[in-house]
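Please look through the sequence and the model shown here.

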Amino acid sequence: MPHTPSVTLNNGVEIPQLGFGVFLIPPDETAAAVTTAIEAGYRQIDTAQGYRNEKGVGEAVAGSGLPRDEIFITTKLANGQHGHDRAAAALEASLERLGMDTIDLFLIHWPLPMFDRYVETWRVLEQLLADGRIRSIGVSNFEIEHLERLAAETDITPALNQVELHPEFPQEELRAYHGAHGIATEAWGPLGQNRGLLDDDSVVGLANSKDRTPAQIVLRWHIQIGNVVIPKSVTPQRIQENIDIFDFELDEAEMEVIAGLSRGRRLGPHPNEFDLV
Ligand code: NAD
């Protein structure tokens, strides 16, 4: 079984550097997909309240027979649950759906700066951490300005920021900020959501020359720049392929080829504009 390295978060907790994302996996297919992933060796699962599939994740983890502490579970606070009155209850509802006493990482899914509640919400997460309800707290889709506000107005630095990140949108400035402040970088849409990146001539060329697949080349690039990465698939062969990336390396010139794909182009919305609740 592939050995996945870990990244040590700023609170000492270790997160497997490769995990399994379950965005857009229908609730009734989630347990099967997560079971396939666990059998392939994944020990980190990324879900969210908004994905409506936490129950399937919990079923697969329970059914795996593995001790709970061998699988790292992340979920995210839904956009409609920001604020002092809702966030703590929303976590309890997640734990209930997952069938777990605690989770390893709880993220604010989007900052929603237009509603100006993320600082208040972060203080709730700080309290949940102090109460031992969760092992680590982090954010998602936070820009530098949002992280700086947390630094100025709250006590705990997020353990991790999960953001859109792939070769066409490598988030260099944000990654540098994370590096300087002890925040781990987690990449969502790591394969560019398979909307062209995996068909790019240079990615395909590298894949052919190394007898690997385009997805493996891109995931290996993420691993080598230090990202935590959470590709999603429901296809067993792809689930396996995406974790079989720890027995080869890209050399400096090959890393440069991937770096050359940067276009400064997002696939998803800008966090300052995304206001869906
Ligand atoms: P991704 O880059 O992981 O792409 C997923 C798509 O790529 C799949 O639907 C599949 O069609 C294809 N694919 C997967 N493996 C492949 C392979 N080996 N070969 C060819 N094609 C392959 O995009 P994503 O699902 O958007 O992101 C991954 C995870 O990140 C999500 O499942 C979710 O957990 C998380 N996420 C978080 C946010 C956020 O706002 N925090 C947003 C989007 C996604």
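Is R133 buried, partly exposed or exposed? R133 counts as partly exposed, at 26% relative accessibility; buried means under 20% relative accessible area, exposed over 50%, and partly exposed in between (1.4 Å probe, protein chains only).

The model is predicted: local features need pLDDT of at least 70, side-chain atom pairs count only at pLDDT 80 or more, and totals for chains, interfaces and linings use all residues. Residues are numbered from 1 along each chain as its sequence is written, and side-chain values use heavy atoms, with hydrogens and water left out.

**Overall form**

The protein has 10 helices and 10 strands, where helices (H or I, at least four residues) and strands (E, at least two) are DSSP runs numbered from the N terminus. Its radius of gyration is 18 Å, close to the 19 Å of the globule rule for 277 residues, so the protein is as compact as a globular protein of that length. This radius is taken over C-alpha atoms, and the rule is 2.2 Å times the number of residues to the power 0.38. Of the 277 residues, 53% are buried.

**Interior**

The largest nonpolar core has 67 residues, and F20, I45, I73 and I103 have the most contacts inside it. Such a core is a set of buried Ala, Val, Leu, Ile, Met, Phe, Trp, Tyr and Cys residues joined through side-chain atoms within 4.5 Å. Leaving aside residues up to four places away in sequence, I73 touches residues including I45, V57, V61 and I103; contact means heavy atoms within 4.5 Å. V57 and V61 are among the buried residues of helix 2 (residues 54-64). The cover over the buried residues of this helix includes helix 1 (27-40), strand 4 (44-46), strand 5 (72-77) and helix 3 (87-98).

**Salt bridges**

The whole structure holds 14 salt bridges, each a side-chain nitrogen of Lys or Arg within 4 Å of a carboxyl oxygen of Asp or Glu. Three of them are listed below.

| Pair | N to O distance |
|---|---|
| E92 and R133 | 2.9 Å |
| R149 and D116 | 2.7 Å |
| D247 and R212 | 3.0 Å |

R149 lies in helix 5 (residues 144-153) and D116 in the loop between strand 6 and helix 4, so the pair ties together parts that are 33 residues apart in sequence. R149 is partly exposed, with a relative accessible area of 28%, and D116 is also partly exposed, at 47% relative accessibility. D247 counts as exposed, at 56%.
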